[in-house]
Amino acid sequence: MKLLVATEKPFAKVAIDGIRQVAEQAGYELVLLEKYASKEALLQAVADADAMIVRSDIVDSEVFEAAKQLRIVVRAGAGYDNIDLEAATRHGVCVMNTPGQNSNAVAELVFGLLIYAVRNFYNGTSGTELKDKTLGIHAFGNVGRNVARIAKGFGMKVLAYDAFCSDEVMLEAGVTPVHSAEELYEQSNIVSLHIPATEQTKRSINQALLSRMPQGGILVNTARKEVINEDELIVAMGERPDLRYVTDIMPAADLRMTELFAGRYFSTPKKMGAQTAEANINAGIAAANQIVDYLENGNERFRLNK
Ligand code: 3PG
């Protein structure tokens, strides 16, 4: 069996060591394709792979077409909007993710971005504190739950909105549920986005929602850039000089936003949320174990496509 790790943004070496150990124990050959610059390189590398681990790498029908032996792809991470599930099913390939494995890393970065924002991007002027502010968590999945835990350590009041999560789960985590996105944005000094990019959520964070935020509102995005309606974000920030946007996923309009909103807009140059040794180890090794368990035992837990 050939296990390909195809990561444009590589894992930490220590995670690769762990993945290698799992592969070798199963008698599989491990092949690395890291920091590849062209899709052609991926198409070539996947041609004789039986299994593949990816991160945000695009796995579309062309990739499945080239992957004549592929039986399973595991997205080492949570969001799988980069994988064409229908094409995978057409080609008889099982797709899985590794939910929860990198969520603490992403949640910690939320607070890295927030401290940077409320301390005025470290420009020497007087900022504000997070304590006693209200944080609205938009989607209460694995990352949202970690964000809630950390926010409580800061002494923040925590609200959450998630159409797919019960009030009980939120209340048990010490979080106050609200029942619409509108309510969440209206009541939160800071909103942290944790919705996946789906047909329903793409471009759903719009001016109507943002304009509901209280004075000095901050939107922090460690989810996906696609969920933002960028044109409307620009209009909202233009109309409201008090609004701030900090993100771990560079907007398509980064240059324009940098020019227009100096001092209240920041994007990491490359998505950093899951870039910790711990998250790489957790997600990478979980992915390798899921592959071995699927190929050897047929275990389909975490399967995403039918
Ligand atoms: C995820 O969906 O797991 C996170 O966005 C991390 O993505 P990455 O593996 O591309 O860093």
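This report describes the ligand site, salt bridges, aromatic pairs and some single residues of a predicted model. Local features need a pLDDT of at least 70 and side-chain atom pairs count only at pLDDT 80 or more, while totals for chains, interfaces and linings use all residues. Residues are numbered from 1 along each chain as its sequence is written, and side-chain values use heavy atoms, with hydrogens and water left out.

**The ligand site**

The residues around the ligand are Lys 9, Arg 55, Ser 56, Arg 75, Gly 77, Ala 78, Gly 79, Asn 102, Arg 224, Lys 271 and Ala 274. This shell divides into five charged, four polar and two nonpolar residues. In this grouping Asp, Glu, Lys and Arg count as charged, Ala, Val, Leu, Ile, Met, Phe, Trp, Tyr, Cys and Pro as nonpolar, and the others, Gly among them, as polar.

| Side chain | Distance from its N or O atom to a ligand oxygen |
|---|---|
| Arg 55 | 2.9 Å |
| Ser 56 | 2.4 Å |
| Lys 271 | 2.7 Å |

Taken alone, the ligand exposes 320 Å², and the protein buries 94% of that. Accessible areas come from the Shrake-Rupley method with a 1.4 Å probe; for residues, only the protein chains shown count as cover.

**Salt bridges**

A salt bridge is a side-chain nitrogen of Lys or Arg within 4 Å of a carboxyl oxygen of Asp or Glu. The whole structure holds 12 salt bridges.

Arg 224, one of the residues around the ligand, has a salt bridge to Asp 81, with an N to O distance of 3.1 Å. The two residues are 143 residues apart and link distant parts of the chain: Arg 224 is in the loop between strand E10 (218-221) and helix H10 (230-239), and Asp 81 is in the loop between strand E4 (72-75) and helix H4 (85-90). Helices (H or I, at least four residues) and strands (E, at least two) are DSSP runs, numbered from the N terminus. Is Arg 224 buried or exposed? Arg 224 is buried because its relative accessibility is 13%, and buried means under 20% relative accessible area, exposed over 50%, and partly exposed in between (1.4 Å probe, protein chains only). Asp 81, at 36%, is partly exposed.

A second salt bridge joins Glu 186 and Arg 212 at 2.4 Å, N to O. Glu 186 lies in helix H8 (residues 181-187) and Arg 212 in the loop between helix H9 (207-210) and E10, so this pair ties together parts 26 residues apart in sequence. Glu 186 is partly exposed at 41%, and Arg 212 is partly exposed at 36%.

In the salt bridge between Lys 202 and Glu 199, the closest N and O atoms are 3.6 Å apart. Lys 202 is partly exposed at 36%, whereas Glu 199 is exposed at 65%. Lys 39, Asp 60 and Glu 62 are linked in a network of salt bridges.

**Aromatic pairs**

Rings of Phe, Tyr and Trp (its six-membered ring) pair if their centres lie within 6.5 Å; planes under 30 degrees apart count as stacked, over 60 as edge-to-face and the rest as tilted. The count comes to six aromatic pairs. Tyr 116 and Tyr 122 have ring centres 5.0 Å apart and planes at 70 degrees, so they are edge-to-face. Tyr 116 is partly exposed at 22%, while Tyr 122 is exposed at 55%.

Tyr 245 and Tyr 265 form a stacked pair because their planes are at 15 degrees, with centres 6.3 Å apart. Tyr 245 lies in strand E11 (residues 244-247) and Tyr 265 in strand E12 (residues 265-267), so the pair ties together parts 20 residues apart in sequence. Both Tyr 245 and Tyr 265 are buried.

One aromatic cluster is formed by Tyr 116, Phe 121, Tyr 122 and Phe 266.

**Single residues**

Phe 121, a member of that cluster, is found in the loop between helix H5 (103-118) and strand E6 (134-138). Its phi is near 55 degrees, a positive value in a residue other than glycine. Phe 121 is buried at 15%. Phe 302, in the segment after H12, has a positive phi near 80 degrees and is partly exposed at 28%.

Technical notes:
Near = heavy atom within 4 Å. Polar contact = N/O pair within 3.5 Å; in protein donor to acceptor, adjacent residues only side chain to side chain.
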